[in-house]
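Q: I have just opened this one and would like a walk through it. Could you take me around?

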Amino acid sequence: MPQLLPLRLRDTVARRAAAQVDPSGADGTEPVARPATIGRGADARSAARAAVAAGMTESGAIESGAIEPGTPEEVLTESIGVETAAMPALDPELERTGPLSIIAPRRIGESDLAVFPLSLGASVFGWTADGDTSLRILDRFARLGGNFIDTADSYVGGRSEVLIGNWMRERRNRDQVVVATKVGRHHENPGLGSVSIVRAVEASLERLQTDHIDLLYFHDDDPEVPLEDSLATVEWLIETGKVRYLAASNFSADRLIEARILSSTGLPKFIAVQTQYNLMHRTEFESALRIVAAAQGLAVIPYYALANGFLTGKYRSKGDLNADARSIRAAAYVNRKGQRVLAALDRIAAEQEVTPASVAIAWLQAKRNVVAPVASASRPEQVDALMVSAGIRLTRANMLELDRVSE
């Protein structure tokens with residue numbers, strides 16, 4: 001059972017920051033909520049939710065103040081001003097008490113992998129987050145109960161896997177972590193041919209410094225390779241213990257059906273599917289793919305959960321856009337539909353005392369068969385705000401409104 005978000009975290013944050021943080025946020029953003037199911041009274045809930053004022057980084061994670069765990073009380077009090085206030089440090093006393101399990105882990109398809117309902121995306125490791133920062137992000141994630149890490153052999157040319165491997169070795173926590181990686185895009189081992197798959201997996205195992213991968217994704221479909229050949233190769237990897245379970249990323253409904261038919265002959269079957277899915281990008285998944293995923297009992301692992309940062313409210317007009325890659329992709333959503341969605345997110349966020357980004361992630365987590373949306377952080381203090389989305393409980397009216405405005 002993974003360690004999950006501490007029950008006393010909300011009360012601790014409330015005691016230390018309620019009187020010091022402007023609930024509207026230092027930068028004018030909405031406050032981020034602690035899970036609605038934890039806390040001891042309405043005052044504690046409201047104060048804790050107001051304690052994390054933040055925006056969103058280009059990696060899709062929530063920006064908050066750079067206050068590290070263990071900051072002395074007097075330093076915290078001095079530094080938590082209008083311009084720097086955001087994420088208070090975790091209470092050292094709280095860390096000694098140990099966390100309590102208040103958010104139930106979710107099972108990935110027909111497997112024995114039980115995970116916290118938020119996956120830490122590692123695409124930024126070694127890129128927008130340097131090595132030391134990446135390790136501290138992982139520490140924060142694990143401390144708050146996270147145990148599901150999403151990476152790929154092609155992320156920063158394999159550097160992401162190297163950093164995760166170093167962290168697991170140094171912390172000696174391999175058995176407490178569910179590692180998902182992807183093969184098929186690395187320039188040295190492209191595609192899903194048998195040789196490429198085996199070489200890619202061997203290289204990933206070496207970088208991750210482990211003897212097995214918990215969840216192996218085919219990063220993309222490879223129409224030039226017979227699917228049965230790719231599945232047969234993974235069958236051998238499973239038999240040798242190098243891979244535990246198989247999943248598909250960016251596969252069509254037809255190919256998932258073909259894969260399930262092939263699995264009836266004894267070949268491995270997919271237990272999960274990773275796809276782009278968010279309030280601004282629904283059609284691709286909410287069609288045949290959703291039907292097939294439900295029929296096959298596949299766990300759905302959405303990526304781009306915040307639509308390249310658009311659903312954070314960061315990009316509300318053309319003037320908010322810049323030249324970076326994320327901003328360019330988010331520009332496609334700066335239109336009438338996007339404004340309707342942001343307006344609904346703003347209203348529900350105010351009602352629930354959370355940020356629009358938290359509502360957007362909670363909407364995904366409430367969807368059928370969605371197990372753990374993938375979100376990344378480029379600073380350790382951002383992880384706390386991402387994790388609380390798993391505790392937000394949207395009402396039926398909230399869900400219907402978001403469904404309506406995002407159609």
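**A walk through the chain**

A: The chain has 15 helices and 14 strands, where helices (H or I, at least four residues) and strands (E, at least two) are DSSP runs numbered from the N terminus. This is a predicted model, in which local features need pLDDT of at least 70 and side-chain atom pairs count only at pLDDT 80 or more, while totals for chains, interfaces and linings use all residues. Residues are numbered from 1 along each chain as its sequence is written, and side-chain values use heavy atoms, with hydrogens and water left out.

Q: OK, and what share of the residues counts as buried?

A: Of the 407 residues of the chain, 59% are buried, where buried means under 20% relative accessible area, exposed means over 50% and partly exposed is in between, with a 1.4 Å probe and protein chains only. As for contacts (heavy atoms within 4.5 Å), residues 24 or more positions apart account for 78% of those in the chain with a separation of 6 or more.

Q: How many residues are in the largest nonpolar core?

A: That core has 89 residues, and those with the most contacts inside it are F218, F270, F310 and L311. A nonpolar core here is a set of buried Ala, Val, Leu, Ile, Met, Phe, Trp, Tyr and Cys residues joined through side-chain atoms within 4.5 Å. Helix 13, residues 356-365, gives the most to this core, with seven residues. Apart from it lies another core, of 17 residues, among them I108, A180, Y217 and A247.

Q: And what does L311 touch, beyond its neighbours within four places in sequence?

A: Its contacts include N278, L279, M280, A305 and L306, as well as V341, L342, L345, P356, A357 and A360.

Q: Back to helix 13, then: how many of its residues are buried?

A: The count is 10 of the 10 residues of helix 13, so this helix is largely enclosed by the rest of the structure. Among the buried residues are P356, V359, W363 and Q365.

Q: At what angle do helix 12 and helix 13 pack?

A: Helix 12 (residues 336-352) packs with helix 13 at an angle of about 100 degrees, and their axes are 8 Å apart. Helix 12 is therefore roughly perpendicular to helix 13, a label for angles of 65 to 115 degrees, whereas under 35 counts as roughly parallel, over 145 as roughly antiparallel and the rest as oblique. The axes are lines fitted to C-alpha atoms, for helices over the stretch in contact, and angles run from 0 to 180 degrees between N-to-C directions.

Q: Which residues meet there?

A: L345, D346, I348 and A349 in helix 12 meet P356, V359 and A360 in helix 13. The residues of this contact divide into six nonpolar, no polar and one charged; Ala, Val, Leu, Ile, Met, Phe, Trp, Tyr, Cys and Pro count as nonpolar, Asp, Glu, Lys and Arg as charged, and the others, Gly among them, as polar.

Q: What sits in the loop between helix 12 and helix 13?

A: E353 has its place in that loop, and its phi is near 60 degrees, a positive value in a residue other than glycine. Most residues other than glycine have a negative phi. At 31% relative accessibility, E353 counts as partly exposed. R172 also has a positive phi, near 55 degrees, but R172 lies in the loop between helix 6 and strand 9 and counts as exposed, at 76% relative accessibility.

Q: Changing topic, how many salt bridges are there?

A: The structure holds 22 salt bridges, each being a side-chain nitrogen of Lys or Arg within 4 Å of a carboxyl oxygen of Asp or Glu. R174 forms one with D214, the closest N and O atoms being 3.0 Å apart. R174 lies in the loop between helix 6 (159-171) and strand 9 (178-183) and D214 in strand 10 (residues 213-218), so the pair ties together parts that are 40 residues apart in sequence.

Q: Is that pair buried or exposed?

A: R174 is buried, with a relative accessible area of 13%, and D214 counts as buried at 3%. D112, R174, D214 and R244 are linked in a network of salt bridges. Elsewhere, R171 forms a salt bridge with E170, with 3.1 Å between the closest N and O atoms; R171 counts as partly exposed at 35% relative accessibility, and E170 counts as partly exposed at 42%.
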